[in-house]
Amino acid sequence: RVIFQDSKGVEIGRVEDTSGPIPNTLTTYEPPVGENKVEIKVKFENKENGCGNEGTITITQKETPRPNKVTYTLCDEDLDGEYNDVLLKDLDN
C-alpha cells in the first residue's frame, strides 16, 4: 500500500492496490493558502508485515501566467460609427 500525508501528517490519499490509480485527493491537491511549495510524505508499506520505506515528493505551484496590459485607441476615421476590419495584428502598441 502507499499512503500520502501532508506536511502536518494528515493523510491526503491512500492506495491499497499499487496497480490502481493515484487518488484524486493527491492529483488535485493544492498547497495551503500563502504557500506555493509543499512536501508530501509518501510511505510505501507492505500490507502483510507493515515494513516499508518513506520518502517525500515536493509539489511546487507555479504562478499563473498573466498577459501584459495593452491599451489600444481606435479611431472612427470616417465618423460613420463603425470600426470595420480592425485586426489586432495590424495595431501598434
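**Entry 1: the core**

I began with the largest nonpolar core, which has eight residues: V2, F4, I12, V15, Y29, V38, I40 and V42. A nonpolar core here is a set of buried Ala, Val, Leu, Ile, Met, Phe, Trp, Tyr and Cys residues joined through side-chain atoms within 4.5 Å. Buried means under 20% relative accessible area, exposed means over 50%, and partly exposed lies in between, with a 1.4 Å probe and protein chains only.

Which elements give two or more residues to this core? I found β1, β2 and β3. The largest share, three residues, comes from β3. Strands (E, at least two residues) and helices (H or I, at least four) are DSSP runs, numbered from the N terminus.

The model is predicted, so local features need pLDDT of at least 70 and side-chain atom pairs count only at pLDDT 80 or more, while totals for chains, interfaces and linings use all residues. Residues are numbered from 1 along each chain as its sequence is written, and side-chain values use heavy atoms, with hydrogens and water left out.

Leaving aside neighbours within four places in sequence, V2 is in contact with G13, R14, V15, T18, V42, K43 and F44. Contact means heavy atoms within 4.5 Å.

**Entry 2: the sheet**

In what order do the four strands stand in the open sheet? I read the order as β2-β1-β3-β4, with antiparallel pairing. Two strands pair if DSSP finds at least two bridges between them. The edge strands are β2 and β4 (52-60), and each pairs on one side only. Neighbouring strands of this sheet are turned by 20 degrees against each other on average, direction ignored. For such angles, axes are lines fitted to C-alpha atoms (for helices, over the stretch in contact), and values run from 0 to 180 degrees between N-to-C directions.

I checked the partners of β1 next. Four bridges join β1 to β2, and these strands run antiparallel. β1 and β3 also pair in the antiparallel sense, over four bridges. Q5 shows both sides: I see Q5 opposite E11 in β2, and Q5 opposite K41 in β3. F4 stands opposite V42 in β3.

The hairpin of β1 and β2 has five residues between the strands. There, G9 takes a positive phi near 85 degrees.

**Entry 3: salt bridges**

How many salt bridges does a search of the whole structure find? I got six. A salt bridge is a side-chain nitrogen of Lys or Arg within 4 Å of a carboxyl oxygen of Asp or Glu.

I looked at R1 and E16. These two form a salt bridge, with the closest N and O atoms 3.2 Å apart. The pair links distant parts of the chain, 15 residues apart: E16 is in the loop between β2 (11-15) and α1, and R1 is in the segment before β1 (2-5). E16 is partly exposed because its relative accessible area is 35%. R1 has 23%, so R1 is partly exposed as well.

R1 also meets E45 in a salt bridge (2.9 Å, N to O). This pair links R1 in the segment before β1 to E45 in strand β3, 44 residues apart.

E11 and R14 gave another bridge, at 2.9 Å from N to O. E11 counts as partly exposed at 40% relative accessibility, and R14 does so at 35%. Salt bridges that share partners join R1, E11, R14, E16, K43 and E45 into one network.

**Entry 4: E45**

Is E45 buried or exposed? E45 counts as buried because its relative accessibility is 15%. The side chain of E45 makes a polar contact with the side chain of K43 (3.4 Å). A polar contact is a pair of N or O atoms within 3.5 Å; within protein, one must be able to donate a hydrogen and the other to accept it, and residues adjacent in sequence count only if both atoms are side-chain atoms. Apart from neighbours within four places in sequence, E45 is in contact with R1, I3, G50, C51 and G52.

**Entry 5: N36**

Where does N36 lie? I placed N36 in the loop between α1 (24-27) and β3 (37-45). Its relative accessibility is 46%, so N36 counts as partly exposed. Leaving aside neighbours within four places in sequence, N36 is in contact with P31, I59, T60 and Q61. I also checked N36 against E63, 27 residues apart along the chain. Their C-alpha atoms are separated by 8.5 Å.
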